[in-house]
Amino acid sequence: MSLTEAENVFAGVHEAGLNDLLTAVFTTRPRLLNYRTSPAVANVPSAASSWTAVPPIAFPGTAGIHYAVRFGIPVVDIHPDTTGMPHPLVLGVGQVSVRTTVELILLCQRGRKDDPDQRPIGTPIATRLEAVALGRMVPVAVTPGTGSVVIDVQQVELVDITPDDLESVLECLVLTLLRAVFGSVSLPFSALRVGAFSLTLLRGPEAEDDQLKLYGAAV
């Protein structure tokens, strides 16, 4: 594709490179994929830095509902579809798909809590879901020579969940969680330098031909 006179820089990232980047980020920062209210909910991994602490859910008559959420490292596919989408999702032009697993863990508290150390007591129970999401790559905090790209997750499909109303509730929950996760991970323009220059975005990002494409001017 030819560039306009103003667009004299092209930067492209293949989906394989984007997945390598996501793997590196989430491997070095597992807390971005792991959340819990207490070590009593899920003890592996045990390092505090591997988790993000979240508050328990307040509910009258309880000391709080304790839970954990754990995501697998997401895998991105950029249009066209090369992995196969579950019905009714269709990977359209300009879109990306995200595949991951999500484990929901609830600390099932039995009887009344009676602990002088105020630690939650109960038995962790868990369910593991396969999730496929659709989204778009969008620019954020764009100024001349700076900015970044994030995945805006727009729709989620969970595989083999019945009945339909339970599926809808869980899909809404997972969509909300995934949007929060990907809102904290971005690809900075500084990672897309061309020689000694950095990119001022004029068009894009465009998701096509298994690539993330950006067009701009060198600064």
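Begin by selecting Ile-78, which is buried, with a relative accessible area of 1%. Keep in mind throughout that the model on your screen is predicted. Ile-78 lies in strand β5, which covers residues 75–78, and it counts as buried because its relative accessible area of 1% falls under the 20% limit used for that word.

Next, display the residues around it. Setting aside residues up to four places away in sequence, Ile-78 touches Val-13, Glu-15 and Leu-18, then Leu-91, Gln-95 and Val-96, and also Ala-207, Glu-208, Asp-210, Gln-211 and Leu-212. If you pick out Leu-18 from this group, you will find that it stands 60 residues from Ile-78 along the chain, while the C-alpha atoms of the two are separated by 9.7 Å.

Now move to His-79, which belongs to the loop between β5 and β6 (96–108). Is His-79 buried or exposed? With 18% relative accessibility, His-79 counts as buried. Leaving out neighbours within four places in sequence, its contacts include Leu-91, Gly-92, Val-93, Gly-94 and Gln-95, together with Ala-207, Glu-208, Asp-209 and Asp-210.

Finally, zoom out and show the whole protein, in which you can trace two helices and 11 strands, arranged along the sequence as β-α-β-β-β-β-β-β-β-α-β-β-β. Of its 219 residues, 42% count as buried, and among contacts between residues at least 6 apart in sequence, 59% join residues at least 24 apart.

Technical notes: Residues numbered from 1 in each chain as written. Predicted model: local features only at pLDDT ≥ 70, side-chain atom pairs only at ≥ 80, totals over all residues. Heavy atoms only, no water. Helix = DSSP H or I, 4+ residues; strand = E, 2+ residues; numbered from the N terminus. Buried < 20%, exposed > 50% of the residue type's maximum accessible area, 1.4 Å probe, protein only. Contact = heavy atoms within 4.5 Å.
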